[in-house]
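Subject: Structure handover

Hi,

Here is the structure for you to look over. My notes follow below it.

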Amino acid sequence: MKNFVANKLDNMPVSIFSVISQLAFEHKAVNLGQGFPDFNGPEWIFDFAFEAMKEGKNQYAPSYGIHSLKQSIANYQKNYYGLNYNEEEIIVTAGATEALYDAFQAFINPGDQVILFEPYYDSYYSDILLAGGIPKVVTLKKPDFNFDYDELEKAISFKTKIIVLNNPHNPTGKVYSAEELKFIASIAIKHDLLVISDEVYEFLTYDDAIHIPFASIPGMKERTITISSCGKTFGFTGWKVGYALAQPEWIRAIHGIHQWTTFAVNTPGQHAMARAFMKLDEYIPQFRSLYQSKLDLVYNNLLNTKFIPHRPKGSYFIMVDIPNEFGNDRDAAIKLIKEYGVATIPPSVFYSKSFEGNSMLRVCFAKQDKTLIEGVNRLQKVK
Ligand SMILES: Cc1ncc(COP(=O)(O)O)c(C=O)c1O
(Lines give C-alpha, C1' and ligand atoms only; values in the text may rest on other atoms or scores of the structure.)
Protein backbone atom coordinates (compact mmCIF):
# COMPACT_ATOMS: atom_id res chain seq x y z
CA MET A 1 0.00 0.00 0.00
CA LYS A 2 1.15 3.55 -0.63
CA ASN A 3 1.47 6.02 2.23
CA PHE A 4 -2.00 7.49 2.55
CA VAL A 5 -1.22 9.89 5.37
CA ALA A 6 -1.13 13.53 4.26
CA ASN A 7 2.29 15.16 3.93
CA LYS A 8 1.35 17.90 6.33
CA LEU A 9 1.62 15.35 9.13
CA ASP A 10 5.22 14.51 8.25
CA ASN A 11 7.42 15.35 11.24
CA MET A 12 4.40 16.41 13.31
CA PRO A 13 5.68 15.81 16.86
CA VAL A 14 3.80 13.71 19.41
CA SER A 15 2.70 16.15 22.11
CA ILE A 16 5.22 16.21 24.97
CA PHE A 17 2.30 15.93 27.41
CA SER A 18 1.42 12.47 26.11
CA VAL A 19 5.05 11.35 26.28
CA ILE A 20 5.61 12.56 29.86
CA SER A 21 2.22 11.37 31.13
CA GLN A 22 2.82 7.87 29.81
CA LEU A 23 6.24 7.72 31.48
CA ALA A 24 4.83 9.20 34.72
CA PHE A 25 2.12 6.52 34.71
CA GLU A 26 4.62 3.71 34.14
CA HIS A 27 6.79 4.91 37.05
CA LYS A 28 3.92 5.92 39.36
CA ALA A 29 5.36 9.43 39.48
CA VAL A 30 3.66 12.43 41.08
CA ASN A 31 2.50 14.31 38.00
CA LEU A 32 3.45 17.99 38.16
CA GLY A 33 3.65 17.97 34.38
CA GLN A 34 0.29 18.31 32.71
CA GLY A 35 -1.35 21.71 32.92
CA PHE A 36 -4.70 21.02 34.51
CA PRO A 37 -6.07 20.64 38.05
CA ASP A 38 -6.17 17.20 39.67
CA PHE A 39 -9.32 18.33 41.53
CA ASN A 40 -12.83 19.41 40.54
CA GLY A 41 -14.12 22.91 39.94
CA PRO A 42 -16.99 24.17 42.14
CA GLU A 43 -19.81 21.71 42.94
CA TRP A 44 -22.50 24.25 42.01
CA ILE A 45 -21.30 24.10 38.40
CA PHE A 46 -22.12 20.36 38.37
CA ASP A 47 -25.63 21.29 39.50
CA PHE A 48 -26.00 23.86 36.72
CA ALA A 49 -24.98 21.26 34.11
CA PHE A 50 -27.21 18.60 35.62
CA GLU A 51 -30.19 20.96 35.73
CA ALA A 52 -29.62 21.87 32.07
CA MET A 53 -29.54 18.18 31.14
CA LYS A 54 -32.73 17.46 33.08
CA GLU A 55 -34.42 20.44 31.41
CA GLY A 56 -33.74 18.75 28.06
CA LYS A 57 -30.86 20.95 26.92
CA ASN A 58 -29.12 18.03 25.30
CA GLN A 59 -29.33 18.58 21.54
CA TYR A 60 -27.06 20.62 19.27
CA ALA A 61 -26.53 24.16 20.46
CA PRO A 62 -26.55 27.12 18.04
CA SER A 63 -23.33 27.04 16.07
CA TYR A 64 -22.01 30.39 17.40
CA GLY A 65 -22.86 29.42 21.00
CA ILE A 66 -25.95 29.83 23.17
CA HIS A 67 -27.33 33.31 23.79
CA SER A 68 -26.99 33.24 27.61
CA LEU A 69 -23.30 32.23 27.52
CA LYS A 70 -22.44 34.93 24.99
CA GLN A 71 -24.37 37.39 27.18
CA SER A 72 -22.44 36.29 30.29
CA ILE A 73 -19.11 36.64 28.47
CA ALA A 74 -20.07 40.12 27.23
CA ASN A 75 -21.08 41.11 30.79
CA TYR A 76 -17.84 40.09 32.45
CA GLN A 77 -15.73 41.68 29.71
CA LYS A 78 -17.61 44.94 30.38
CA ASN A 79 -17.52 44.67 34.20
CA TYR A 80 -13.92 43.55 34.58
CA TYR A 81 -12.22 45.31 31.68
CA GLY A 82 -14.64 47.98 30.43
CA LEU A 83 -14.72 46.26 27.01
CA ASN A 84 -18.00 46.28 25.06
CA TYR A 85 -18.68 43.20 22.97
CA ASN A 86 -22.04 42.39 21.42
CA GLU A 87 -23.20 38.91 20.48
CA GLU A 88 -21.93 39.17 16.90
CA GLU A 89 -18.46 39.63 18.36
CA ILE A 90 -18.39 36.35 20.31
CA ILE A 91 -18.13 32.70 19.28
CA VAL A 92 -18.11 29.67 21.60
CA THR A 93 -15.64 26.93 20.66
CA ALA A 94 -14.53 23.50 21.92
CA GLY A 95 -11.99 24.98 24.32
CA ALA A 96 -9.48 27.71 23.57
CA THR A 97 -7.67 25.04 21.53
CA GLU A 98 -10.38 25.02 18.88
CA ALA A 99 -10.62 28.82 18.81
CA LEU A 100 -6.86 28.97 18.17
CA TYR A 101 -7.00 26.37 15.40
CA ASP A 102 -9.98 28.09 13.75
CA ALA A 103 -8.34 31.50 13.95
CA PHE A 104 -5.09 30.31 12.36
CA GLN A 105 -7.02 28.50 9.62
CA ALA A 106 -9.25 31.51 9.02
CA PHE A 107 -6.53 34.16 8.78
CA ILE A 108 -3.39 32.51 7.38
CA ASN A 109 -2.73 32.22 3.67
CA PRO A 110 0.17 29.96 2.62
CA GLY A 111 3.45 31.81 3.18
CA ASP A 112 2.06 34.34 5.68
CA GLN A 113 4.42 34.92 8.59
CA VAL A 114 3.28 34.82 12.20
CA ILE A 115 5.21 36.22 15.16
CA LEU A 116 5.40 33.89 18.16
CA PHE A 117 7.07 34.56 21.49
CA GLU A 118 9.00 31.51 22.69
CA PRO A 119 8.51 29.51 24.81
CA TYR A 120 5.09 29.15 23.17
CA TYR A 121 2.06 27.01 23.90
CA ASP A 122 2.81 24.12 21.56
CA SER A 123 -0.44 24.11 19.61
CA TYR A 124 0.32 27.56 18.11
CA TYR A 125 3.34 26.28 16.23
CA SER A 126 1.57 23.23 14.81
CA ASP A 127 -1.59 25.22 14.00
CA ILE A 128 0.44 27.76 12.03
CA LEU A 129 2.20 25.00 10.06
CA LEU A 130 -1.10 23.21 9.40
CA ALA A 131 -2.50 26.45 8.01
CA GLY A 132 0.53 26.88 5.69
CA GLY A 133 1.99 29.77 7.69
CA ILE A 134 5.58 30.41 8.76
CA PRO A 135 6.33 31.01 12.45
CA LYS A 136 8.87 33.77 13.21
CA VAL A 137 10.08 33.52 16.75
CA VAL A 138 11.05 36.13 19.36
CA THR A 139 12.57 34.87 22.63
CA LEU A 140 11.37 35.70 26.14
CA LYS A 141 14.69 35.63 27.98
CA LYS A 142 15.54 34.48 31.48
CA PRO A 143 15.45 35.60 34.26
CA ASP A 144 12.47 37.97 33.77
CA PHE A 145 11.27 36.52 30.48
CA ASN A 146 11.32 39.94 28.87
CA PHE A 147 11.82 40.35 25.14
CA ASP A 148 14.12 42.56 23.19
CA TYR A 149 12.12 45.26 21.36
CA ASP A 150 14.66 45.24 18.52
CA GLU A 151 14.35 41.47 18.10
CA LEU A 152 10.59 41.89 17.65
CA GLU A 153 11.03 44.70 15.09
CA LYS A 154 13.59 42.63 13.18
CA ALA A 155 11.34 39.55 13.08
CA ILE A 156 8.75 41.50 11.09
CA SER A 157 8.75 41.51 7.30
CA PHE A 158 6.29 42.50 4.57
CA LYS A 159 4.94 38.93 4.86
CA THR A 160 4.06 39.25 8.56
CA LYS A 161 0.32 39.14 9.20
CA ILE A 162 -0.24 38.11 12.82
CA ILE A 163 1.35 38.50 16.25
CA VAL A 164 0.42 35.83 18.80
CA LEU A 165 0.41 36.88 22.41
CA ASN A 166 -0.19 34.64 25.42
CA ASN A 167 -0.79 36.65 28.56
CA PRO A 168 -0.56 35.56 31.39
CA HIS A 169 2.00 33.28 29.88
CA ASN A 170 2.34 29.50 29.85
CA PRO A 171 4.98 28.25 30.71
CA THR A 172 6.98 31.18 32.17
CA GLY A 173 4.26 32.81 34.29
CA LYS A 174 5.11 36.16 32.71
CA VAL A 175 2.46 38.87 32.86
CA TYR A 176 3.16 41.49 30.19
CA SER A 177 3.51 45.05 31.47
CA ALA A 178 1.46 47.95 30.12
CA GLU A 179 4.62 49.30 28.51
CA GLU A 180 5.32 46.01 26.69
CA LEU A 181 1.72 45.74 25.51
CA LYS A 182 1.77 49.32 24.24
CA PHE A 183 4.98 48.59 22.34
CA ILE A 184 3.41 45.50 20.73
CA ALA A 185 0.35 47.63 19.90
CA SER A 186 2.55 50.26 18.24
CA ILE A 187 4.15 47.52 16.12
CA ALA A 188 0.73 46.15 15.20
CA ILE A 189 -0.34 49.60 13.99
CA LYS A 190 2.93 50.40 12.23
CA HIS A 191 2.89 47.13 10.25
CA ASP A 192 -0.89 46.70 10.05
CA LEU A 193 -0.97 43.37 11.91
CA LEU A 194 -3.70 41.30 13.53
CA VAL A 195 -3.09 40.17 17.12
CA ILE A 196 -4.30 36.84 18.50
CA SER A 197 -4.26 37.21 22.27
CA ASP A 198 -4.59 33.97 24.23
CA GLU A 199 -5.74 35.02 27.71
CA VAL A 200 -6.85 31.68 29.17
CA TYR A 201 -5.12 32.50 32.50
CA GLU A 202 -6.66 35.99 32.68
CA PHE A 203 -7.84 35.52 36.29
CA LEU A 204 -4.66 33.90 37.58
CA THR A 205 -2.23 36.66 38.52
CA TYR A 206 -0.20 36.74 41.74
CA ASP A 207 1.30 39.16 44.23
CA ASP A 208 0.89 42.65 42.72
CA ALA A 209 0.60 41.59 39.06
CA ILE A 210 -2.41 42.83 37.07
CA HIS A 211 -3.72 41.32 33.86
CA ILE A 212 -4.30 43.87 31.12
CA PRO A 213 -6.36 42.47 28.22
CA PHE A 214 -4.65 43.33 24.95
CA ALA A 215 -7.95 44.56 23.48
CA SER A 216 -8.07 47.25 26.19
CA ILE A 217 -4.92 48.96 24.84
CA PRO A 218 -6.13 52.00 22.87
CA GLY A 219 -6.75 51.15 19.21
CA MET A 220 -6.33 47.40 19.73
CA LYS A 221 -9.90 46.12 20.17
CA GLU A 222 -10.56 46.20 16.41
CA ARG A 223 -7.21 44.46 15.68
CA THR A 224 -7.42 41.74 18.31
CA ILE A 225 -8.90 38.26 18.51
CA THR A 226 -9.05 37.50 22.23
CA ILE A 227 -9.27 33.82 23.14
CA SER A 228 -10.11 32.42 26.55
CA SER A 229 -11.37 29.29 28.26
CA CYS A 230 -14.18 28.51 30.70
CA GLY A 231 -12.28 25.29 31.38
CA LYS A 232 -9.34 27.24 32.82
CA THR A 233 -11.40 29.88 34.60
CA PHE A 234 -13.73 27.44 36.34
CA GLY A 235 -11.46 24.41 36.65
CA PHE A 236 -13.30 22.14 34.21
CA THR A 237 -10.76 21.71 31.43
CA GLY A 238 -12.33 18.44 30.29
CA TRP A 239 -15.59 20.14 29.37
CA LYS A 240 -13.82 22.01 26.58
CA VAL A 241 -15.79 25.24 26.54
CA GLY A 242 -13.79 28.19 25.19
CA TYR A 243 -14.49 31.31 23.17
CA ALA A 244 -13.12 34.00 20.90
CA LEU A 245 -13.92 37.72 20.88
CA ALA A 246 -13.32 39.94 17.86
CA GLN A 247 -15.02 42.28 15.40
CA PRO A 248 -18.10 40.67 13.69
CA GLU A 249 -16.41 40.08 10.32
CA TRP A 250 -13.58 38.18 12.01
CA ILE A 251 -15.96 36.14 14.16
CA ARG A 252 -17.78 35.15 10.96
CA ALA A 253 -14.42 34.09 9.47
CA ILE A 254 -13.61 31.98 12.56
CA HIS A 255 -17.09 30.49 12.29
CA GLY A 256 -16.32 29.58 8.68
CA ILE A 257 -13.86 27.00 10.09
CA HIS A 258 -15.81 26.18 13.27
CA GLN A 259 -18.91 25.13 11.27
CA TRP A 260 -16.92 22.39 9.51
CA THR A 261 -15.02 21.17 12.56
CA THR A 262 -17.14 20.96 15.70
CA PHE A 263 -20.14 23.00 14.41
CA ALA A 264 -21.43 23.43 17.99
CA VAL A 265 -20.10 23.02 21.51
CA ASN A 266 -21.67 20.72 24.13
CA THR A 267 -25.00 22.19 25.20
CA PRO A 268 -25.25 21.47 28.96
CA GLY A 269 -21.66 22.63 29.42
CA GLN A 270 -22.51 25.96 27.81
CA HIS A 271 -25.60 26.42 30.00
CA ALA A 272 -23.58 25.63 33.11
CA MET A 273 -20.85 28.10 32.15
CA ALA A 274 -23.41 30.81 31.33
CA ARG A 275 -24.66 30.56 34.93
CA ALA A 276 -21.17 30.14 36.38
CA PHE A 277 -20.14 33.54 34.96
CA MET A 278 -23.07 35.09 36.85
CA LYS A 279 -21.29 34.10 40.08
CA LEU A 280 -17.90 35.38 38.93
CA ASP A 281 -17.62 38.16 41.54
CA GLU A 282 -18.11 35.67 44.34
CA TYR A 283 -15.96 32.98 42.78
CA ILE A 284 -12.87 34.83 41.53
CA PRO A 285 -11.47 36.00 44.91
CA GLN A 286 -11.61 32.40 46.22
CA PHE A 287 -10.11 31.04 43.00
CA ARG A 288 -7.25 33.53 43.11
CA SER A 289 -6.46 33.00 46.77
CA LEU A 290 -6.50 29.22 46.31
CA TYR A 291 -3.90 29.47 43.56
CA GLN A 292 -1.88 32.15 45.39
CA SER A 293 -1.55 29.73 48.33
CA LYS A 294 -0.55 26.88 46.00
CA LEU A 295 2.08 29.10 44.39
CA ASP A 296 3.47 30.10 47.80
CA LEU A 297 3.53 26.48 48.97
CA VAL A 298 5.42 25.21 45.93
CA TYR A 299 7.69 28.21 45.44
CA ASN A 300 8.84 28.33 49.08
CA ASN A 301 9.54 24.61 49.14
CA LEU A 302 11.34 24.68 45.80
CA LEU A 303 13.75 27.21 47.29
CA ASN A 304 15.01 24.30 49.45
CA THR A 305 15.77 22.13 46.43
CA LYS A 306 18.44 22.14 43.76
CA PHE A 307 15.79 23.38 41.29
CA ILE A 308 15.79 27.13 41.76
CA PRO A 309 12.38 28.57 40.82
CA HIS A 310 11.58 31.71 38.80
CA ARG A 311 8.61 33.22 40.63
CA PRO A 312 5.71 33.49 38.16
CA LYS A 313 3.38 36.50 38.05
CA GLY A 314 0.55 34.55 36.46
CA SER A 315 -0.74 31.20 35.08
CA TYR A 316 -0.29 28.01 37.13
CA PHE A 317 3.26 27.14 36.16
CA ILE A 318 6.70 27.72 37.63
CA MET A 319 9.90 27.44 35.62
CA VAL A 320 12.83 26.05 37.60
CA ASP A 321 16.52 25.97 36.73
CA ILE A 322 18.13 22.55 36.36
CA PRO A 323 21.32 21.88 38.33
CA ASN A 324 24.28 21.44 35.93
CA GLU A 325 24.94 17.78 36.69
CA PHE A 326 21.44 16.84 35.40
CA GLY A 327 22.18 17.58 31.74
CA ASN A 328 19.54 19.09 29.51
CA ASP A 329 15.84 19.43 30.25
CA ARG A 330 14.79 16.20 28.56
CA ASP A 331 17.41 14.14 30.40
CA ALA A 332 16.53 15.86 33.66
CA ALA A 333 12.77 15.29 33.23
CA ILE A 334 13.30 11.58 32.49
CA LYS A 335 15.73 11.16 35.41
CA LEU A 336 13.29 12.85 37.79
CA ILE A 337 10.49 10.50 36.74
CA LYS A 338 12.53 7.32 36.80
CA GLU A 339 14.71 7.95 39.86
CA TYR A 340 12.71 10.33 42.03
CA GLY A 341 9.10 9.76 40.94
CA VAL A 342 8.23 13.33 39.93
CA ALA A 343 7.01 14.33 36.48
CA THR A 344 7.69 17.80 35.07
CA ILE A 345 7.69 19.12 31.52
CA PRO A 346 10.95 19.71 29.60
CA PRO A 347 10.26 23.08 27.99
CA SER A 348 12.77 22.95 25.11
CA VAL A 349 9.88 21.65 22.96
CA PHE A 350 8.32 25.11 23.34
CA TYR A 351 11.39 26.77 21.79
CA SER A 352 12.59 26.67 18.19
CA LYS A 353 15.09 29.53 18.08
CA SER A 354 17.09 29.69 21.31
CA PHE A 355 18.45 27.07 23.71
CA GLU A 356 17.00 28.82 26.76
CA GLY A 357 14.61 25.94 27.40
CA ASN A 358 17.36 23.35 27.78
CA SER A 359 18.25 24.56 31.27
CA MET A 360 14.75 24.66 32.81
CA LEU A 361 11.80 22.46 33.72
CA ARG A 362 8.15 23.44 33.97
CA VAL A 363 6.31 22.59 37.18
CA CYS A 364 2.50 22.83 37.28
CA PHE A 365 0.98 23.78 40.65
CA ALA A 366 -2.69 23.28 39.72
CA LYS A 367 -2.71 20.22 41.97
CA GLN A 368 -4.12 19.25 45.35
CA ASP A 369 -1.89 20.37 48.22
CA LYS A 370 -1.12 16.75 49.08
CA THR A 371 0.10 16.15 45.50
CA LEU A 372 2.20 19.31 45.63
CA ILE A 373 3.70 18.45 49.03
CA GLU A 374 4.58 14.93 47.88
CA GLY A 375 6.08 16.31 44.65
CA VAL A 376 8.27 18.93 46.34
CA ASN A 377 9.29 16.45 49.07
CA ARG A 378 10.57 14.17 46.35
CA LEU A 379 12.42 17.05 44.70
CA GLN A 380 13.98 17.93 48.05
CA LYS A 381 15.50 14.43 48.12
CA VAL A 382 17.51 15.18 44.98
CA LYS A 383 21.07 15.66 46.18
C1 LIG B 1 -1.81 29.05 26.86
C2 LIG B 1 -2.91 28.07 26.65
N3 LIG B 1 -3.80 28.26 25.67
C4 LIG B 1 -4.81 27.40 25.45
C5 LIG B 1 -4.95 26.27 26.22
C6 LIG B 1 -6.06 25.31 25.92
O7 LIG B 1 -7.26 25.69 26.52
P8 LIG B 1 -8.55 24.75 26.44
O9 LIG B 1 -8.39 23.68 27.45
O10 LIG B 1 -9.70 25.67 26.74
O11 LIG B 1 -8.62 24.20 25.06
C12 LIG B 1 -4.04 26.02 27.24
C13 LIG B 1 -4.15 24.78 28.06
O14 LIG B 1 -3.23 24.37 28.74
C15 LIG B 1 -3.00 26.95 27.48
O16 LIG B 1 -2.11 26.76 28.46
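The second largest pocket draws at least three lining residues from each of domain 1 (7-41 + 282-380) and domain 2 (58-280). Those domain bounds come from an automatic or database domain assignment. A pocket here is an open set of points on a 1 Å grid over the protein atoms alone, where a 1.4 Å probe fits, with protein on both sides within 12 Å along at least five of seven lines. Lining residues have an atom within 4 Å of a point.

This is a predicted model: local features need pLDDT of at least 70, side-chain atom pairs count only at pLDDT 80 or more, and totals for chains, interfaces and linings use all residues. Residues are numbered from 1 along each chain as its sequence is written, and side-chain values use heavy atoms, with hydrogens and water left out.

Back to the second largest pocket. It holds about 290 Å³ of space, a volume being the space filled by probe spheres set on the points, which are joined across faces, edges and corners. Its lining has 18 residues, and D144, K174, R311, P312 and K313 are the closest to its centre. By class, six are nonpolar, five polar and seven charged. Ala, Val, Leu, Ile, Met, Phe, Trp, Tyr, Cys and Pro count as nonpolar, Asp, Glu, Lys and Arg as charged, and the others, Gly among them, as polar.

The largest pocket has about 880 Å³ of space. It is lined by 40 residues, with S15, F17, Y121, D122 and S123 closest to its centre. Helices α1 (16-26), α4 (95-107), α5 (122-130) and α8 (230-234) each give two or more residues to that lining. The largest share, six residues, is from α5. Helices (H or I, at least four residues) and strands (E, at least two) are DSSP runs, numbered from the N terminus. The lining splits into 19 nonpolar, 13 polar and eight charged residues.

Last, strand β8 (residues 242-245). It pairs antiparallel with β2 (residues 90-93) over four bridges, and antiparallel with β7 (residues 224-229) over four bridges. Pairing needs at least two DSSP bridges between two strands. G242 is the bridge partner of T93 and of S229. G242 and A244 point one way, Y243 and L245 the other, and all are buried (under 20% relative accessible area, with exposed over 50% and partly exposed in between; 1.4 Å probe, protein chains only).

Best wishes
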